Amino acid sequence: MTKRQSEVLEFIRVFWSRYQHSPSYREIALAMGIQTSRAFDIVQNLSDRGYVSVMPGKVRSITLKEKADG
């Protein structure tokens with residue numbers, strides 16, 4: 001996992017803990033200082049690696065998987 005992926009995963013974890021729902025790609029992008037498309041790419045990579053799951057076409061659908069907690 002890259003440093004940026006790790007940072008995004010931690011942001012998602014903290015956001016979930018605080019707000020009880022996932023951040024939007026825009027919120028991730030703003031927090032990380034990157035473009036929204038880059039946030040989407042990073043989340044997709046985290047999904048491919050089994051750290052999060054995402055429901056395509058659904059807003060705020062990023063969910064942490066068990067792998068992300070360990």
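What should the 13 residues of helix H3 (residues 36-48) span at 1.5 Å a residue? The expected span, taken as 1.5 Å times one less than the number of residues, is 18 Å, and the end C-alpha atoms of H3 are 18 Å apart, which agrees. This is a predicted model, in which local features need pLDDT of at least 70 and side-chain atom pairs count only at pLDDT 80 or more, while totals for chains, interfaces and linings use all residues. Residues are numbered from 1 along each chain as its sequence is written, and side-chain values use heavy atoms, with hydrogens and water left out.

Helices (H or I, at least four residues) and strands (E, at least two) are DSSP runs, numbered from the N terminus. Within H3, Ala-39, Ile-42, Val-43 and Leu-46 are buried, that is, under 20% relative accessible area with a 1.4 Å probe and protein chains only. These residues cover an arc of only 95° around the axis, which puts them on the same side of H3, the arc being that of the directions from the helix axis to the C-beta atoms. The buried residues of H3 pack against helix H1 (3-19), helix H2 (25-32) and strand S1 (52-53). Just after H3, Gly-50 takes a positive phi of about 90°.

Turning to helix H1, it is here that Gln-5 has its place, and Gln-5 is buried, with a relative accessible area of 8%. Leaving aside neighbours within four places in sequence, Gln-5 is in contact with Ile-42, Asn-45, Leu-46 and Arg-49, where contact means heavy atoms within 4.5 Å.

Methods. Buried < 20%, exposed > 50% of the residue type's maximum accessible area, 1.4 Å probe, protein only.
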